[in-house]
Amino acid sequence: MKKKLILFIFAFLSSLPLFSIGFGYHVFEVRTTPEFSDGTFPVSVLYQFNFPMPDFIHGSKTEMAFRLDNGLVYRTLRQNPYTGEYEYIGDYTTQFDEFNLYISQGFYRTDFASDDLLTLTVSIDGRWENAFERLSWMNNPNELVGVFREFKNGENVDRWPGASWPANPELAGNRSAATIFFSFGLELDYMRNIITRKDGVYFSSFVRYAPGVIQFFGRTSDFILWRNELDFAWTIFSVRQAYTDRNTTWVSLVLEDKFRYQYVTGSQIPAFTEWNEIWGTEGLNTEHSIRNRLMLTFYGPQINSYDCYPRASFFFDLGISCGRLNGTDSSVFEVYSSYGFRAEFVIFNIANLYYEIGSVFDPIKDEKEEVIQRFGVSIGI
């Protein structure tokens, strides 16, 4: 009976966007990956359907929306399926669908920032995942050993029979998992963001709770997560374009610092809770994750429009993973870092053509620094 009830809830929530198309639709991000069609074809998309809501507080925004994020994501299995201890196994593919049905209420509109100074949000969320071998492994007949399967004596057999998957509970059984959780968050926004100029401070914090007792499709999740973001920005100088009626920038220089902290605990912590990636690498799946990015960005002239301009950034990323290694009783402390340069051209704030080059230091993978270059297109609408 419980499973039928949850299936009904999933079906009802999934049908909501069909009735809300006329009320507002936004695509926030379209992602690509080099593994699929050399990075030229989208593999995942984040979009949202808005419901018409009156503002409960005059001058502040009330919002109710249904957000969907689905597609493919590539992950690395870095802990032994039997013991949970750290061991690089390989890369695999995960198909995912995540929904968020949320309502938010803002308080106190300011002239400095474009949003309310304080916003409170509550939501009910769900996520379904199905993991399988990486596409390159399935298409390469010379690869005999994958993450989950391997060829032995001419047969394709399970590589980890009877594994308990202590650090990756979503990979147990048929490697499919559904999770229901609740989220509560707040935002403090005192950031003036005028495309090529940015000043102020922004803070957000939310708690996500996935109690094991309501995971009716298999207990692959039972955790509490607390995630925080703190951003500072300062426009060092900005030169406005002369001989134009538009308030556009000729050149500007912006200094930003973005700090992230996450705490997660529980008996079943799936991989999608991880938040330990910095540019070029990611840390261990631990109880505490800290990330910080210091970035100096030079903006070039806005060309014929507010939304078309070049920019170049120098960045330094620092990551720390510490505390209990999830799925084990071991405690670890790891520091990893990267620095580099990113040049890009922004087209109507929809598409970015970019080139990145940087150096990565990851003590778990290698004591030597690794130089990485990337060129691609990112899309967000």
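1. Two strands are taken to pair if DSSP finds at least two bridges between them. Strands (E, at least two residues) and helices (H or I, at least four) are DSSP runs numbered from the N terminus. On these terms, strand 8 and strand 9 form a hairpin with 4 residues between them, and Ile 195 in the turn has a positive phi of about 65°.

2. On the basis of the note: this is a predicted model, in which local features need pLDDT of at least 70 and side-chain atom pairs count only at pLDDT 80 or more, while totals for chains, interfaces and linings use all residues. Residues are numbered from 1 along each chain as its sequence is written, and side-chain values use heavy atoms, with hydrogens and water left out.

3. Overall, the chain contains 18 strands and 2 helices. Of its 381 residues, 45% are buried, that is, under 20% relative accessible area with a 1.4 Å probe, protein chains only. Among contacts (heavy atoms within 4.5 Å) between residues at least 6 apart in sequence, 61% join residues at least 24 apart.

4. Strand 8 (residues 176-193) and strand 9 (residues 198-210) run antiparallel and are joined by 12 bridges; Met 191 has Gly 200 of strand 9 as its bridge partner. Strand 9 is in turn joined to strand 10 (residues 222-240) by 11 bridges, again antiparallel, with Ser 205 partnered by Asn 228 of strand 10.

5. Strand 2 (residues 44-51) pairs with strand 3 (residues 62-79) in the antiparallel sense over 8 bridges, and Val 45 has Asn 70 as its bridge partner in strand 3. Between strand 3 and strand 4 (residues 86-109), which run antiparallel, there are 17 bridges; here Arg 75 stands opposite Tyr 92. The hairpin of strand 3 and strand 4 has 6 residues between the strands, and Gly 84 takes a positive phi near 85°.

6. Which residues lie nearest the centre of the second largest pocket? They are Asp 189, Met 191, Asn 193, Lys 198 and Tyr 202, out of 13 lining residues. Strand 8, strand 9, strand 10 and strand 11 (249-268) each give two or more residues to this lining. A pocket here is an open set of points on a 1 Å grid over the protein atoms alone, where a 1.4 Å probe fits, with protein on both sides within 12 Å along at least five of seven lines; lining residues have an atom within 4 Å of a point.

Notes:
Buried < 20%, exposed > 50% of the residue type's maximum accessible area, 1.4 Å probe, protein only.
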